[in-house]
Amino acid sequence: MKLRQVLPLGALVLAAFASGCSSSSTDQSTQDTPDFETPKAVSLRPESIKANQHFANSVSVEDGRLVLTMDADNETTMSTVKVGTIIAGNRDTATPDLTTSKNPYGFLRRVLDISRSGNTAILTTEQANLEDWMEEGDIFMGDGQRSMFEEGPTGTQSANIHILGGSSGGAQPGSTEGGSVEGKDVSDPTKKVTVRPFAKISNTKWALNAKYDGEFKLRKAWFVPTGVKRAKALLTMDPTVSADIEIGVRVTGGGLAIGGPNGYPVASMDKSWNGTSVIIPLEAGIPLTVRFTPQLKCAVSLQGSASVKFRAQLQVHAAAGFLYDGSFHDLSQAPSLNPSFLHPVSGKVEIDGTAECDLLMVPAVLAFDAVGLEGKVGPYVSLNANACVMYDAITAKTTLGLDAYEQHGLYGEFAGRVQVPVLGVGKDFSLLTWHGLKSKPAYIFGDANTCNVQSKDSCTGKKDGFYCSELVSYSGYYCKGGSIAEGRQCDDVTKTCKSGDTNSITCQ
């Protein structure tokens, strides 16, 4: 189901609107300074209705329309609906698993057209805002808040919601789902090999542990026919993530690499895997939902024929949100980070290049079925591998080296969307964004000096001729044209080089 990203929860009056209000005369009515401190019950506009729970349980909420199976009860409700009606309803409480429900979030829509097809009514709709539906009143979101859509004195509907997802302060569901991404095959016909990059996660545990605090206050005002609003939206998160992350290159074919990893073609990809969304109903005056989706996002550019596996664990505290009280305030909090990474290695590691994988939760806060706040939060791990082939022209020996290290940090970004009533247009805004500084390199193989090329025995800047080695006492080399043309060694390694030419070395 596609969702239009409009924010009925945060339908705010921005600075331009606020400054317009302040330009009115100083002797304006006291109605122009409404009382926001005294709680006020919600009253609806004449063209607005609140659908009952039977309607909400039987309707299918789709992008741009509501599809309703008709019976006697729904016929009664539909008799009050006409083109122009603003209709709001609760989420489905009859389906045990909200991920399979046709109405998991509730709805707030303006009816544009009504048609019938047999026993089905089809309402063509567009997204509406709270100020379209309400005349004035207060809506609160947070622990202990009773929904205005609850029916009956016992609150059985609220208890059912707790079973489905937990309250904003209680235990909440998570995901233990694993996934993988793979790039395209890259072949080298000369070496007769094919390579493919991959990344996968397993042994996973994702939990957002979200708490929400919000309010929406609407008052009539003499000079502001659309009402004066106050709004707050704050999502507090204590996410936990743990998973095994494996990054590497698969090689198929009968050819052999020459010179280690650099003998294979480069395998690269920039891909994402999205897991199954977790739906968490929260306590609020209206249907309020936190939904998060696990995501693995990897950018890889590697050569080689093996992989590295990391164990990532993270607990973090962060918050994203805003307050409007005549001006706009960002309530977001930079996270406190204390991740730990272990790096057991599976198999023989022969890789060269870089890879970064973000292990993210993608949360969204929905008031009814419209997205208000959305973002991404989670750890990332960066792999840097450098396979080197070092040739010593003096000793005529070739050695392979490998250094590989990981760095990790925290990624997060949040944004929102407000609807400006006076302008009638949506406005996107950004909240706090962070891409935490990477940790110090933690070497899995080798160290910072493993692939440093020893440069003392070099012909750069030297005249043609013979030189004794500065690194190996029993060796020497002949320079020609700025490069080593010949290497010579003493027959007895206990002796020391003294001089030489293109064909011989003198030792003593």
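What follows is a conversation about the chain as a whole and then about its salt bridges.

Guide: Please keep in mind that this is a predicted model, in which local features need pLDDT of at least 70 and side-chain atom pairs count only at pLDDT 80 or more, while totals for chains, interfaces and linings use all residues. Residues are numbered from 1 along each chain as its sequence is written, and side-chain values use heavy atoms, with hydrogens and water left out.

Visitor: How many helices and how many strands are there in the chain?

Guide: Helices (H or I, at least four residues) and strands (E, at least two) are taken as DSSP runs and numbered from the N terminus. Counted in that way, the chain has five helices and 31 strands.

Visitor: What percentage of the residues in the chain is buried?

Guide: A residue is called buried under 20% relative accessible area, exposed over 50%, and partly exposed in between, using a 1.4 Å probe and protein chains only. Of the 508 residues in the chain, the buried share is 49%.

Visitor: Among contacts with a separation of 6 or more, what share joins residues 24 or more positions apart?

Guide: A contact here means heavy atoms within 4.5 Å. For contacts in the chain with a separation of 6 or more, the share that belongs to residues 24 or more positions apart is 71%.

Visitor: How many salt bridges does the count come to?

Guide: The rule asks for a side-chain nitrogen of Lys or Arg within 4 Å of a carboxyl oxygen of Asp or Glu. Applied to this model, that rule gives a count of 16.

Visitor: Which residue forms a salt bridge with Glu 150, and is Glu 150 buried or exposed?

Guide: Glu 150 has a relative accessible area of 14%, and therefore counts as buried. The partner is partly exposed, at 46%, and the closest N and O atoms of the pair are 3.0 Å apart, the partner being Arg 146.

Visitor: Which strands hold Lys 232 and Asp 213?

Guide: The side chains of Lys 232 and Asp 213 meet in a salt bridge of 2.8 Å, N to O. This pair links distant parts of the chain, 19 residues apart, with Lys 232 in strand E13 (residues 224–237) and Asp 213 in strand E12 (residues 210–221).
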